[in-house]
Amino acid sequence: MESLPLTVLDTCKKALGTAASVAGYVMLARGMARGMARDILPPELRAALGRAAAFVRAPLGASDKERHALVIRRDFDSGYSENELFDAARKYLTTKISPRTTPCLGLGLFPVEPDRSSSSWSTLLCLEYDGSTSDHFDGVDVVWKYVRAGRGEDGTTGEYFKLSFDAKDADTVSERYVPFVMSTAEQLRMRARALKISKNDGASWQHGINYHHPATFATLAMDPSLKQAVMDDLDRFLKRKEYYLRIGKPWKRGYLLYGPPGTGKSSLVAAMANYLRFNLYDLDLSVVPDNSALQMLLINMRNKSILVIEDIDCCFDAKKSREEEGSRNMPEPAADPDNTPRRQRPQRKQNTVTLSGLLNFIDGLWSTSGEERIIIFTTNYKERLDQALLRPGRMDMHVEMGYCRWEAFRTLARNYHLVDDHPLFPEIQQLLKAVDVTPAEVSEMLLRKEDAGQALQVLKQFLEGKKTNAKKEAPEMKNEEADKAM
Ligand SMILES: Nc1ncnc2c1ncn2[C@@H]1O[C@H](COP(=O)(O)OP(=O)(O)OP(=O)(O)O)[C@@H](O)[C@H]1O
């Protein structure tokens, strides 16, 4: 027999159980420490599994038809340690079973958060004892069976999943399929967890509270291609851990959302958080005493999170920032174009947090203090922002949230009244071309009546009113401009 290093033999003796006993079971044993499921299978364990599979196969001269199996027990060490992989497998299998295809399944009700910090519960399907289901991965067929063999002499429950496959597929299963099962389970866990939002109280984060904003990309009314571009950007960001490492860049991404009040900037932040299942940190810079407090706040954020700074234009004195940055060619802030703000913004008091302090974190310190971070600035007045913030490369993506046009309206009509078409649509389409109206205003009109036709009628009248007002205002504005010119 090919000699193996002692550690591998040890692992195999413990892990393989009765592996060499003809049927060739490979048992995933000790070492499945808590938290492993969160990190996907570590490379060493993956390698050990590969070696173990080869070790079992080689001496037996496994033929293509021979079946091998991995046994994933619920607990080890006489019940002292739980096997995270067992939980991961159970979670993963919920995506593979359905009452339509499996005659008998278990059904349970579980709190969304294991520590019951959330009041949400969800139902979960699971295989019944001796129930089985098949799966297909990269050309490999596997069968999962859920077995309970009664409490063993060592005190373990004897409850396990048996994952069987053709002997020739042992490497694929152990090196790629098992990690895939674990990462899928992790994604499901992330998706199911309740999101938290934390706000800062001066220099420290308050305890996060549950965040249940209903906005998703499906409910967001915005230009479809822009929406897709944001989603693609987020997907790319998530996939690129290795890439960021390789090019030596911090694994973070910055977005600047700008547009008039009521165009959905906060809704987009919520949709992004819901899409990624990232927690939110809502940073109020006006109560942060200085740059070092800012530093502590940013360092104390957890990974897989979004930092939001709303109304960034109100956070810094542009003139002071200009001096601070040594920039002489900044344009003066434009006149306030927003005559009727949807809500009055609080005037932020000036403090000693500086724009350069913040930018240092975006570029520098932030990079070393965490990963999978997203930072989002929102503003109603992009033109008021300091050039230092707008410089290419500073914020990775600038997203303009604009007035409600035809495609955005269709999303709202579908959301609010489940209508995809209506005789009033053509008129509304024409009006939306002529009138600047925010999605918030359109939503409000659509909510005024329960009946779709009546709601659309209300909206049409509202848009007509806006159009008439705009026509009246236009000549007045022309006169004012002419007066100024004289
Ligand atoms: N693009 C949108 N898609 C769907 N709903 C929207 C959109 N924009 C606004 N709404 C509706 O209007 C409400 C207010 O919008 P939201 O707070 O997201 O706008 P905002 O641009 O962040 O405004 P502000 O600049 O005043 O903070 C939302 O709760 C939602 O009901």
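Helix 12 (residues 406-417) and helix 14 (residues 439-447) pack against each other in this predicted model, with about 35° between them and their axes 10 Å apart. Helix 12 goes past helix 14 in a right-handed crossing. On the helix 12 side, the contact is made by A408, F409, L412, A413, Y416 and H417. Helix 14 answers with P439, V442, S443, L446 and L447. Sorted by class, the residues of this contact come out as nine nonpolar, two polar and no charged.

Leaving aside residues up to four places away in sequence, F409 touches A221, C404, I428, L432 and V442. F409 is also among the residues with the most contacts inside the largest nonpolar core, together with A273, I306 and I376. That core has 61 residues, and its largest share, seven residues, is supplied by helix 7 (residues 265-276).

L418 sits in the loop between helix 12 and helix 13 (425-434), and its phi is positive, about 55°, although L418 is not a glycine. Is L418 buried or exposed? L418 counts as exposed, because it has 8 C-beta neighbours inside 10 Å. K304 also has a positive phi, near 50°, and is likewise a residue other than glycine. K304 is found in the loop between helix 8 (291-299) and strand 15 (305-309). With 16 other C-beta atoms within 10 Å, K304 is partly exposed.

P224 lies in helix 5 (residues 224-239). P224 and E407 are separated by 183 residues in sequence, yet their C-alpha atoms are 7.1 Å apart in space. P224 itself is exposed, since 12 other C-beta atoms lie within 10 Å of it. A second pair is formed by N360 and N291, which are 69 residues apart along the chain and have their C-alpha atoms 9.7 Å apart. N360 belongs to helix 10 (residues 355-368). How is N360 placed, buried, partly exposed or exposed? N360 is partly exposed, because it has 15 other C-beta atoms within 10 Å.

Turning to the protein as a whole, the secondary structure comes to 15 helices and 17 strands. Of the 486 residues in the protein, 29% are buried. Which share of the contacts between residues at least 6 apart in sequence joins residues at least 24 apart? The share is 75%.

Note on methods
Residues are numbered from 1 along each chain as its sequence is written. This is a predicted model: local features need pLDDT of at least 70, side-chain atom pairs count only at pLDDT 80 or more; totals for chains, interfaces and linings use all residues. A nonpolar core is a set of buried Ala, Val, Leu, Ile, Met, Phe, Trp, Tyr and Cys residues joined through C-beta atoms within 7 Å. A residue is buried if 20 or more other C-beta atoms lie within 10 Å of its own, exposed if 12 or fewer, and partly exposed in between; C-beta atoms are placed from the backbone. Helices (H or I, at least four residues) and strands (E, at least two) are DSSP runs, numbered from the N terminus. Two residues are in contact if their C-beta atoms, placed from the backbone, lie within 7 Å. Axes are lines fitted to C-alpha atoms, for helices over the stretch in contact, and angles run from 0 to 180 degrees between N-to-C directions. A crossing is left-handed if the near helix is turned anticlockwise from the far one by less than a right angle, and right-handed if clockwise. Ala, Val, Leu, Ile, Met, Phe, Trp, Tyr, Cys and Pro count as nonpolar, Asp, Glu, Lys and Arg as charged, and the others, Gly among them, as polar.
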